[in-house]
Amino acid sequence: MKNIRKITTVMLLASSLACTNGFEEINTDPNRADQATSAQLLTNAQYNFSTNITDEWNNGRFGMYYAQYWSSTYYSDESRYQIRENTNQIMWNTFYTDVLNELHEAQKIEKDSQWPGHQNRLAISEIMKAYTYHFLTDIYGGPIPYAEALNADDVTPVYNTGEEVYAGLLATLDEQVKTLDAAAPSYATGDVLYGGNVNAWKRFANSLRLRIALRMIDVKPAEATEAIRKALDPANGGIISTQEHSALFRWLPSPPNNNPMNQSFKVRVDFSMSKPFIDYLKQYADPRLPVFAQPLLNTNNYVGEVYGRENSNASSNGDPTLVSLPADYAVGATAPTIWLDLAEVKFMLAEIQARELKVGLTGTAAQYYQEGIAASMRFAGVREENINAYLKKVPYNAAKWKDSIGSQKWIAMYTQGIQGWLERLRLDFKDPITGKAIFALPADGSLDPDVTDISKRMSYPLVEASLNGTHYRTAVEKLGGRNSKGVKNWWDKY
């Protein structure tokens, strides 16, 4: 963690100028750190966060594999749970250094300046920090540096438990929703996500509260239910309720600000559509199939690649006559990175009603389930008559609500590899109609002796053992004594 603490404002400004070309007009000398603004740092943090969860490493070779949306065309080690340690380290460092620390620096500028609206700008950065910690704690299985992580005077921060992090995130979101004031100024520039719209950030924060609460509800039902009740209280500003409210990071057509996966596909084709995903879409004639995937070359047929084959063991090597490749929905230059959207919120409302939580919702689980599917399909450009026809094929099953909601939420979260994987772990869903498994074991076996079916977490970067040894060892002890990908997250009860 020491290298995270040593980042300077000059480095932050240089990074901001390098990464935000096309997102905002910046006419600043990159060698003069005192001209950095909180808006520039916010832009850079949003850019770096979106890149970190979208690129070919953390999304392609991690999230999209673990959710089984994609398979490997040749280099399959990651799909069999053998990670590249340097990419894991980069993911960890990017979250802390290039996102959290930049948000922290932006907040310091606002606290020092006290310009009108600084409370709103501080709150927006704080909500983004909560969102980043939410990813970190779930990816790494719970314990992470949190309360002391951004203290420049502490190079060996303690690891807070997953329960402590979640409690802190919910408290933070509660506080920031109360702080945000639509009558006061906000970010005039720099906020790529919402353009400084205070009401939009309230809706995002409340929707994030729903996600966090449902993820922990099997372990802390009372606390989760109270968080859901607060999130749904109209006095707190509402939730994402239209597609226009969705949190989307929108990329530009040209490098360096096109979708990172789009840039990766210009160099080589390492990813194909996964057989479990394609087969499930075909099973119910899902109209999103031609939006998500490309047919085999010069055909109308869609074929997914077997998941988890050994390198060179009849792999396709990206040959479009053998396997379906991802379509522009996922790898187009301007394909947005979804942070949290309408479809996910609708499925969360369906789950709340399925659990009979009594938090003031008036719709039924079946209604919200159908609205979740419809929201996903409309976002994908599916025609209304095709939506209605599909809904008849996949009716809501109240007796198997985890299977109904889980399977359709998984489809709707296509491109959101990390979150798709986490929901797969949490809900353990099967096909609600046939009762059959949806996911496949790696065809040629796992390369991790601790993982027989699916990785439950990402292992901590190995450098943490030397940089922050004492607290690292304490965190590992809380995980059962080993930095293993086979250890369940604290909220993964079943």
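Phe 265 is a buried residue, with a relative accessible area of 18%; buried means under 20%, exposed over 50% and partly exposed in between, using a 1.4 Å probe and protein chains only. This is a predicted model, so local features need pLDDT of at least 70 and side-chain atom pairs pLDDT 80 or more, while totals for chains, interfaces and linings use all residues. Residues are numbered from 1 along each chain as its sequence is written, and side-chain values use heavy atoms, without hydrogens and water.

**Aromatic rings**

- A search of the whole structure turns up 51 aromatic pairs, where rings of Phe, Tyr and Trp (its six-membered ring) pair if their centres lie within 6.5 Å, and planes under 30 degrees apart count as stacked, over 60 as edge-to-face and the rest as tilted.
- Phe 277 and Phe 292 count as stacked because their ring centres are 6.1 Å apart and their planes meet at 15°.
- That pair links distant parts of the chain, 15 residues apart: Phe 277 belongs to helix 11 (residues 275-283) and Phe 292 to helix 12 (residues 289-292). Helices (H or I, at least four residues) and strands (E, at least two) are DSSP runs, numbered from the N terminus.
- Phe 277 is buried at 0% relative accessible area, and Phe 292 is buried at 0% as well.
- Ring pairs also build a cluster, whose members include Phe 277, Phe 292, Trp 410 and Phe 439.

**Charges over rings**

- The charged end of Arg 61 sits over the ring of Trp 57, 4.4 Å from its centre; this requires NZ of Lys or CZ of Arg within 6 Å of the ring centre and within 35 degrees of the ring normal.
- Arg 457 has its charged end over the ring of Tyr 460, 4.7 Å from the ring centre.

**Two buried helix residues**

- Thr 132 lies in helix 6 (residues 118-139) and is buried, with a relative accessible area of 0%.
- Leaving aside residues up to four places away in sequence, Thr 132 touches Phe 49, Phe 95, Val 99 and Leu 100, with contact meaning heavy atoms within 4.5 Å.
- Trp 92 sits in helix 5 (residues 85-113) and is buried at 0% relative accessible area.
- From Trp 92 to Glu 477 there are 385 residues in sequence and 20 Å in space, C-alpha to C-alpha.

**Backbone points to check by eye**

- Most residues other than glycine have a negative phi, and most peptide bonds are trans.
- The peptide bond from Pro 255 to Pro 256 is cis, with omega near 5°, and Pro 256 lies in the loop between strand 4 (247-249) and helix 10 (260-267).
- Gln 68 has a positive phi, near 60°, in the loop between helix 4 (56-66) and strand 1 (70-72); Gln 68 is buried, with a relative accessible area of 0%.
- Ala 285 also has a positive phi, near 50°, and is found in the loop between helix 11 and helix 12. Ala 285 is partly exposed, with a relative accessible area of 46%.
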